Amino acid sequence: MITKKQETVSKETVLAIVAIALLGFSGILSETSMNVTFPTLMKVFNLDLNTLQWITTGYLLTVAIMMTTSAALKKNFSERQIFFTSSLLFTLGTITAVLSNSFIIMIVGRVLQGIGTGIIMPQMFNIILERVPYNKIGTYMGIAGLIMSLAPAFGPTYGGFMIAHFSWHWIFICILPVPIIASVIAFFFLKNS
């Protein structure tokens, strides 16, 4: 018989999921907001569209590759190690993208962001499956899916607003506080299984 205590989700688990979701959201937002910047970046980097699309293609390819490593990472590293490595890589990638003055440096920044995003996305669902009571898994999976699906909806609008009113660098500058906030939350509330 399941007791009342077993049916509730601890505050630490909820906040750990929030921290991971924030990092995943910022990764997807970063990806989808870049598509609308291509006309501007074509002029900035003096490149054709086919070459410039590697900013998104390289990112998505990196995310896909890193997601396939999630089982091996989970087996060999703790949740905190995975989270903070992901957050560090995403933050370094974002800073690199902000400071990039060439296409190659921008690609390096995007690949670092992709590694961080690809590592963190499976972790959110792993935490839910491991720490949320069976009768609440559907609710938490739905919330996690909603958070992840909101980023592609906001991304083009966010990117379009930034590129219309500010330099393209601001797309990354405004995302930069999110992994830092997520890391602070995770530092206090994300515990290893």
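What is Ser-33 in contact with, leaving aside its neighbours within four places in sequence?

A: Ser-33 is in contact with Gly-155, Pro-156, Tyr-158, Gly-159 and Ile-171, once neighbours within four places in sequence are set aside. Bear in mind that this is a predicted model. Ser-33 belongs to helix 2, which covers residues 11-34. Is Ser-33 buried or exposed? Its relative accessible area is 0%, so Ser-33 is buried.

Now turn to a residue in another helix. Thr-94 sits in helix 7. Thr-94 has a relative accessible area of 0%, so Thr-94 is buried. A polar atom of the Thr-94 side chain lies 2.8 Å from the backbone oxygen of Phe-90. Not counting residues up to four places away in sequence, Thr-94 touches Gln-113, Phe-172 and Leu-176.

Step back to the whole of helix 7, residues 79-99. Helix 7 has 21 residues, so at 1.5 Å a residue it should span 30 Å. Its end C-alpha atoms are 30 Å apart, which agrees. Which residues of helix 7 are buried? They are Glu-79, Ile-82, Phe-83, Ser-86, Ser-87, Leu-89, Phe-90, Thr-91, Gly-93, Thr-94, Ala-97 and Val-98. What covers them includes helix 2, helix 6 (70-76), helix 8 (103-131), helix 10 and helix 11.

Leu-88 is also in helix 7. The relative accessibility of Leu-88 is 52%, so Leu-88 counts as exposed; the cut-off for exposed is over 50%. Leu-88 and Tyr-134 are 46 residues apart along the chain. Their C-alpha atoms are separated by 32 Å.

Next comes helix 11, one of the elements covering helix 7. Helix 11 runs through residues 177-189 and has 13 residues. From its first C-alpha to its last, helix 11 reaches 18 Å. That is close to the 18 Å expected at 1.5 Å a residue. Pro-179, Ala-182, Ser-183, Ile-185 and Ala-186 are buried in helix 11. Where do these buried residues fall, seen down the axis of helix 11? They fall within an arc of 165°, so they line one face of the helix. An α-helix has 3.6 residues a turn, so residues three or four places apart point the same way. The buried residues of helix 11 pack against helix 2, helix 7 and helix 10 (169-175).

Now the aromatic rings. How many aromatic pairs does a search of the whole structure find? The search finds seven. One of them joins Phe-161 and Phe-166. This pair is edge-to-face, at 6.2 Å centre to centre and 65° between the planes. Phe-161 has a relative accessible area of 43%, so Phe-161 is partly exposed. Phe-166, at 42% relative accessibility, also counts as partly exposed.

Trp-168 and Phe-172 have ring centres 6.5 Å apart and planes at 90°, so this pair is edge-to-face too. Both Trp-168 and Phe-172 are buried. They also belong to one aromatic cluster, together with Phe-45 and Phe-103. Recall that Phe-172 is among the residues touched by Thr-94. Another ring has a charged neighbour: Arg-110 lies over the face of Tyr-59, at 4.4 Å from the ring centre.

Two residues remain. Ile-137 is in helix 9, residues 137-165. Is Ile-137 buried or exposed? Ile-137 is buried, because its relative accessible area is 17% and the cut-off for buried is under 20%. Beyond four places in sequence, Ile-137 is in contact with Ile-128, Leu-129 and Val-132. Ile-137 and Phe-125 are twelve residues apart in sequence. In space they are 9.7 Å apart, C-alpha to C-alpha.

Asn-46 is in the loop between helix 3 (38-45) and helix 4 (49-52). With a relative accessible area of 70%, Asn-46 is exposed. What is phi of Asn-46 near? Phi is near 55°, a positive value in a residue other than glycine.

Key: Residues numbered from 1 in each chain as written. Predicted model: local features only at pLDDT ≥ 70, side-chain atom pairs only at ≥ 80, totals over all residues. Heavy atoms only, no water. Helix = DSSP H or I, 4+ residues; strand = E, 2+ residues; numbered from the N terminus. Buried < 20%, exposed > 50% of the residue type's maximum accessible area, 1.4 Å probe, protein only. Contact = heavy atoms within 4.5 Å. Expected span 1.5 Å × (residues − 1). Arc of directions from axis to C-beta. Phe/Tyr/Trp six-rings, centres within 6.5 Å; stacked < 30°, edge-to-face > 60°. Lys NZ or Arg CZ within 6 Å of the ring centre and 35° of its normal. Polar contact = N/O pair within 3.5 Å; in protein donor to acceptor, adjacent residues only side chain to side chain.
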